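Thanks for coming, everyone. I'll walk through one model today, stop by stop. Please have the sequence and the 3D view open.

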Amino acid sequence: MRIHVVMMAAAGLGLSAMPALAQATLKDAFKNRLLVGVAVRPHQFTGANATQAALIANQFNSITPENVMKWDALQPRENEFHFEQADRYVDFGTRNGMFTIGHTLVWHSQVPGWLFKDAAGNPVDRETLLARMKKHIQTVVGRYKGRVKGWDVVNEALEEDGTLRQSPWLKIIGEDYLAKAFQFAHEADPAAQLYYNDYGIEGGKKRDGAIALLKKLKAAGVPVTGVGIQDHVSLTWPPATMLDETITAFGQAGLKVMITELDVDVLPARGHNTSADVSRNEAADPALNPYTNGLPANVQEALARRYAELFAVYLKHPGVVTRVTLWGLCDGESWLNDWPIRGRTSHPLLFDRACKPKPAFQALVAPRR
Ligand code: XIL
């Protein structure tokens, strides 16, 4: 550190001119209240992009793998596990003392073609799929035992109306696939936190369905630690009061709440759709891509106010909301540039396309009083 300061002085840079790493940090701003995490990609956790790797280590105390721990990445063919990227991800988290998350064990998306089929291409039976689930969970959770502190065990198991999603998991195994997934994960690492994770559960029927599902699992003794609210939100939905009520309800059900995939979409949308289903794929329209040359100041301010509002809600629930994870570091790499419409210029995160902090970042680290 001393050497660093001396070098800065030698280079004629005053403290105020020091680059990103000397600024206030998200992890300090919420110290002892919330862990602040970020979803990461290989170029970040391998250090191929050293600037972004340093920014992540400086700002955040938790990480989630955006894609490298999904089933298709870890076990693309049966019994053929690929751990290279996941190992480097976990090493990065461990080295930096971060609360390292695993995402995700049981989901219907980003799964390999073989998973639900037999050699002849017909659907497998319940016992076969349960055995595959068990093998995958034991192998993956077992490998990172003690280092991955929390797992999104089941992802997106609910339909919009709050009933169980008609996924191959449900159709082939039946309703108890959720309990089995949590049991297998718990057996593989009894100390790991285990979450049910979903989008659109901030309100309405899907929220009610999530509460009912989680209460049922808990009553049956299933080892669920908490619920992950993805929180892919817009500037207006969900209203703060709705989110607040939902977190209260989850807390009353004895669950911890993690905000697991936060981003705030500022782009116009076709109608009101709160679904973050990755399979959505809509036609492009220039009218729905208005900020290709940067975010106008008034929208930038609205985004900052929205982030401040959301964090104010999270902070109202100490001991219940324990972590908030941003779904990406810098705007240029957000998944919202390509979803639900490909090739848009999206501005949903705290760091801009140059990975410089936005007013939304300032609103969180140095709130106006
Ligand atoms: C997204 C990733 O961000 C994209 O890179 C990938 O192409 C598709 O998946 N809900 C989830 C995440 O649980 O895993 C999804 O991540 C976003 C929605």
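One definition before we start. A residue is buried when its relative accessible area is under 20%, and exposed when that area is over 50%. Keep in mind that this is a predicted model.

First stop, Ser275. Find the loop between β8 (256–265) and α12 (297–315); Ser275 lies there. Is Ser275 buried or exposed? Its relative accessible area is 12%. The cut-off for buried is under 20%. So Ser275 counts as buried. Now look at its side chain. A polar atom of that side chain lies 3.1 Å from the backbone nitrogen of Asp277.

Now another loop residue. Ala120 sits in the loop between β3 (99–106) and α7 (126–143). Its relative accessibility is 63%, so Ala120 counts as exposed. Here is a distance to check on your screens. Ala120 and His347 are 227 residues apart in sequence. In space, their C-alpha atoms are 46 Å apart.

Next, a helix. Go to α6, residues 84–95. How far apart should the ends of its 12 residues be? At 1.5 Å a residue, the helix should span 16 Å.

Which residues of α6 are buried? They are Ala86, Tyr89, Val90, Phe92 and Gly93. Look down the helix axis. The buried residues of α6 fall within an arc of 155°, so they line one face of the helix. Now turn to the face pointing away from that buried side. There you find the exposed residues Glu84 and Arg95. After α6 comes Gly97, with a positive phi, near 65°.

Last stop, the ligand. There are 16 residues around the ligand. Which of them come nearest? Glu66, Lys70, His103, Glu261 and Trp327 do. Sorted by class, the shell has 5 nonpolar, 6 polar and 5 charged residues.

Now the polar side-chain atoms. One on Glu261 lies 2.8 Å from an oxygen atom of the ligand. One on Gln230 lies 3.3 Å from a ligand oxygen atom. One on Glu156 lies 3.1 Å from a nitrogen atom of the ligand. How much of the ligand does the protein bury? Taken alone, the ligand exposes 410 Å², and the protein buries 85% of that.

That's the tour. Questions, please.

Terms used
Residues numbered from 1 in each chain as written. Predicted model: local features only at pLDDT ≥ 70, side-chain atom pairs only at ≥ 80, totals over all residues. Heavy atoms only, no water. Helix = DSSP H or I, 4+ residues; strand = E, 2+ residues; numbered from the N terminus. Expected span 1.5 Å × (residues − 1). Buried < 20%, exposed > 50% of the residue type's maximum accessible area, 1.4 Å probe, protein only. Arc of directions from axis to C-beta. Near = heavy atom within 4 Å. Polar contact = N/O pair within 3.5 Å; in protein donor to acceptor, adjacent residues only side chain to side chain. Areas by Shrake-Rupley, 256 points an atom, 1.4 Å probe, with all protein chains shown as cover. Nonpolar A, V, L, I, M, F, W, Y, C, P; charged D, E, K, R; others polar.
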